[in-house]
Amino acid sequence: MKKAWWKESVVYQVYPRSFCDSNGDGIGDINGITSKLDYLQELGINVIWLSPVYQSPNDDNGYDISDYQAIMKEFGTMEDFDRMLEQAHERGIKIVMDLVVNHTSDEHSWFMESRRSTDNPYRDYYIWREGKDGKEPNNWGSVFNGPAWEYDENRDMYYLHMFSRKQPDLNWENPKVRDEVFSMMNWWCEKGIDGFRMDVISMISKAEGLPDGEVRDGLHGDASPYVQNGPHVHEYLQEMNRRVLSKYDLLTVGECAGVTIEEAKRYASEKGTELNMVFQFEHMGLDGGEFSKWSDRKVKLTELKENLSKWQNELEGTAWNSLYWTNHDQPRVVSRFGNDSVRYREVSAKMLATCLHMMQGTPYVYQGEELGMTNMEFDTVDDFCDIESINAYHEYVDSGKIDGETMMRYLRYKSRDNSRTPMQWTAGKNAGFSMGTPWMKVNPNYEDINAEEQVKRADSVFSYYKELIRLRREKEIIVYGHYELLMPEDEKLFVYSRSLGDEKLLVVCNFTEEETVFGVPEEFVGKKVLIGNYKEQEAASSIRLRPYEALVIEK
Ligand code: TEU
Ligand code: CA
């Protein structure tokens, strides 16, 4: 297997709006991030993935960009950005930018020109179609609910928006669009940034003829087969690779909704023709239901194991995995796959971290995950800020598909806002996030869960993440070792081994609050426990695993 710095890295995702507010306006900003670089260095991560900081009207918190080469006013200035980049580099931390080029904001100058007239030079920068019998050109629903088309009076046509109506999809078939995107990317690379996380990059090529989708929720057609992994996506990424990526030493990760193993091998081929790695979504979909993600079903451990193991085994040697439990679009992992009760919160957060960080791939830590931050107790639909949550509530409840109370339960469990509450720095006012009024309510549990307390405490979740990250730096086997799932049918334990040459690791994770006896395989009996989330555990031939216990034994 080829070695690479981005395979040996641990990435930390910063959601700037909720990370740290330096000037008291209630909104996290770039100077706030700069002020926390020492904290990140202490944790030991070596790459930051920065969610969008570009100019944006914030219909989707910066994922709707109106100028790719300007910084959002609330976040600061380009000088602030340059200073952050420089200070990060001084600490050996790289910065990977979010690249959102499936769509722009409708307030981007390209779109404002494009909608002006049908003979404007920008007319084909977006996906415009005539209506059909006075209705939308096809039946596609947008990811944020409602139809994926918006009528524009001026052109008397509809434009496609796979996300909100303020996020029109770019027309990648137009070579001028690709020229613009690639030159913008080169501009950022020349500035010295270290890579790109590419937002829904699997959606930039749409199927010929834009055929109607299957109607499954009784409301709209499912566009995914026609917009994900479309006919030209690899061709466009290969062009991007030739014209931009190959000229610099970058970390590139594609957010690839709907990606299969076969597709991932193309996006993230070891040959380096497109990207370094992808975010796959299969494990994030295992607890969904009839209404896509909206459900409060608990994932079945055997399914989770089977899925993650498939990715581990099938990409080995041909592509590279990214490892994540959560991000700014997912609920908090301890509330989802662990147990966020006072009793088990810390131990289950550490167990989940062990399970993920011992796998093959590049791990991603989402801000606050390293503290075991939890989901939020939202009271009513008015507590949500996220466009996806608000739209979904109204669409399903207003149409009578889901009753209000049930939908609130789903939202409390799955809303993206769960992970967007402000970072909990201290037990002081507003969790130390802001001196003013935070743009979004702080989770009231900050007095118990905060960085200040955890950095000092040797057995905190923070200290445990720090140790996992240090171990990965120290041991090649954690990065490159071969993965093998053991006991696939077990409903409680997630057990796997890693091996590299003569070395071998055994990873044992109890995903339940029940005690379980585990028979340690012969070759590990009496060997060293590398890390574990309880004190006193020895690799005896049979061990009693306590609730959410995790341990790693080194042969
Ligand atoms: O997310 C893409 C995506 O597929 C999400 O819509 C995801 O399915 C959903 O959030 C799960 O609930 C990216 C960004 O990460 C997200 O924040 C943006 O809203 C979206 O693209 C549009 O840019
Ligand atoms: Ca601020």
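Predicted model: local features only at pLDDT ≥ 70, side-chain atom pairs only at ≥ 80, totals over all residues.
1. The crossing of α12 past α13 is right-handed.

2. Who touches whom here? From α12, the contact uses Ser389, Tyr393, Tyr396 and Val397, while α13 brings Gly404, Met407 and Leu411. Sorted by class, that contact of α12 with α13 has five nonpolar residues, two polar ones and no charged ones.

3. A second pair to look at is α11 (residues 345-357) with α15 (residues 461-474); their axes are 10 Å apart and the packing angle is about 15°. That angle makes α11 roughly parallel to α15. Again the handedness is worth noting: α11 passes α15 in a right-handed crossing.

4. On the α11 side you'll find Glu346, Ala349, Lys350, Ala353, Thr354 and His357, and they meet Val461, Tyr464, Tyr465, Leu468 and Arg472 of α15. The contact of α11 with α15 has six nonpolar, two polar and three charged residues.

5. Now for the ligand. Ligand 1 has 14 residues around it, and the closest are Tyr63, Val143, Phe163, Ala257 and Asp329. The shell splits into seven charged, six nonpolar and one polar residue.

6. As for annotation, an unreviewed UniProt entry puts "domain: Glycosyl hydrolase family 13 catalytic" at residues 13-420. Over that stretch the chain is 31% helix and 13% strand, and the end C-alpha atoms lie 12 Å apart.

Definitions and conventions:
Residues numbered from 1 in each chain as written. Chains lettered and ligands numbered in written order. UniProt positions renumbered as here; feature names shortened; annotations may be inferred. Helix = DSSP H or I, 4+ residues; strand = E, 2+ residues; numbered from the N terminus. Left-handed = near helix turned anticlockwise from the far one by under 90°. Contact = placed C-beta atoms within 7 Å. Nonpolar A, V, L, I, M, F, W, Y, C, P; charged D, E, K, R; others polar. Near = placed C-beta within 6 Å. Axes fitted to C-alpha atoms, helices over the stretch in contact; angles between N-to-C directions. Parallel < 35°, antiparallel > 145°, perpendicular 65-115°, else oblique.
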